[in-house]
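Here is a friendly walk through one protein model, in questions and answers. Have the structure open and follow along.

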Amino acid sequence: MACNIFKGLGTALVTPFKLDGSVDYDALQRIIDYQLQNGADFLCILATTGETPCLSIEEKQTIKNIVVDQCRGKVPILIGCGGNNTQAVVHELKTTDFKGVDAILSVCPYYNKPSQEGLYQHFKLISKESPLPVVLYNVPGRTGVNLQWDTTVRLANDCENIIAIKEASGNLEQVDKIIQNKPNRFDVLSGDDALTFSMVASGAAGAISVIGNALPREFSKMIRLEFNGEYEPARTIHHRFAELYDLLFVDGNPAGVKALLSEMGFIENVLRLPLVPTRITTKQKMANILKGLQM
């Protein structure tokens, strides 16, 4: 029976682009090194923050290979594999080279808005066909449908290789219901940086974080302090991030964190359409906050 190995800080990696719009693989390697040296417990690749819908099959495979080769088993790797066509997801599961990857992250089907029973059957089939453990991803703000707590718990109980959920519903009551009713081998991971402090305090096993791209040492320190029951110093870090949480997402994700990484000298501030860079005023505010955040 599979258990969750994704605990602590998981960074949802961006995909850096050059000024000409091509993938900047050298910058990607620099970010991976930065993560490994500064407290990331696992990496989540080719998901929302990685602008995956705008990548080619060849680009996605190259990114996966670079991450696997550079990590060399130092941290677990979670890879995005989901969609709103169940059979297409199953085909991807059967044909993708997942060598070196530890589990898949599968988002709720978007746009076609299935019922709870439809969501259950979708993920049950993915669980059956997946060669790797599965982490569910609930993000109603993007998909248009909420995976309700009882459906999550039903999947956790019925499917042995569904090991966790990335919860980004923003509903702390729903999170508490999952934590109270889930099997022991199944974990909740925060999918919302601003709610990570509260979710870990309630029993979440960690976070899949956007801000972790830029500030992995600081964000992982907050989570580890909470794991040790040191809530006051963890709360201090959380409050220091408060304004930055808002700025990172005010112009969409990953526009905010790419602007921050650009300010830090890691990447060019380039996204692929239909996404565009964050506003200059937002970038300037983040740059000012950054100076006082790095501990």
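Predicted model: local features only at pLDDT ≥ 70, side-chain atom pairs only at ≥ 80, totals over all residues.

Q: Is Tyr137 buried or exposed?
A: The relative accessibility of Tyr137 is 6%. Buried means under 20%, so Tyr137 counts as buried.

Q: Which residues does UniProt list for "active site"?
A: The annotation comes from an unreviewed UniProt entry. The listed residues are spread over 30 residues of sequence, yet they cluster in space, with a largest C-alpha distance of 4.7 Å. From this set, the lining of the largest pocket takes in Tyr137. The residues UniProt lists are Tyr137 and Lys166.

Q: Where is Lys166 placed, and is Lys166 buried or exposed?
A: Lys166 sits in strand β6, residues 162-167. Among the residues that Lys166 touches are Tyr137, Leu105 and Gly191. Its relative accessible area is 5%, and because the cut-off for buried is under 20%, Lys166 is buried.

Q: Which residues touch the most other members of the largest nonpolar core?
A: This core has 80 residues.

Q: How many residues does the second, separate core have?
A: Phe42, Leu78, Ala164 and Ile208 are included in this second core. Its size is 18 residues.

Notes
Residues numbered from 1 in each chain as written. Heavy atoms only, no water. UniProt positions renumbered as here; feature names shortened; annotations may be inferred. 1 Å grid on protein atoms, 1.4 Å probe; cavity = no way out; pocket = protein on both sides within 12 Å on 5 of 7 lines; lining within 4 Å. Buried < 20%, exposed > 50% of the residue type's maximum accessible area, 1.4 Å probe, protein only. Helix = DSSP H or I, 4+ residues; strand = E, 2+ residues; numbered from the N terminus. Contact = heavy atoms within 4.5 Å. Core = buried A, V, L, I, M, F, W, Y, C linked by side-chain atoms within 4.5 Å. Lists of a residue's contacts leave out its neighbours within four places in sequence.
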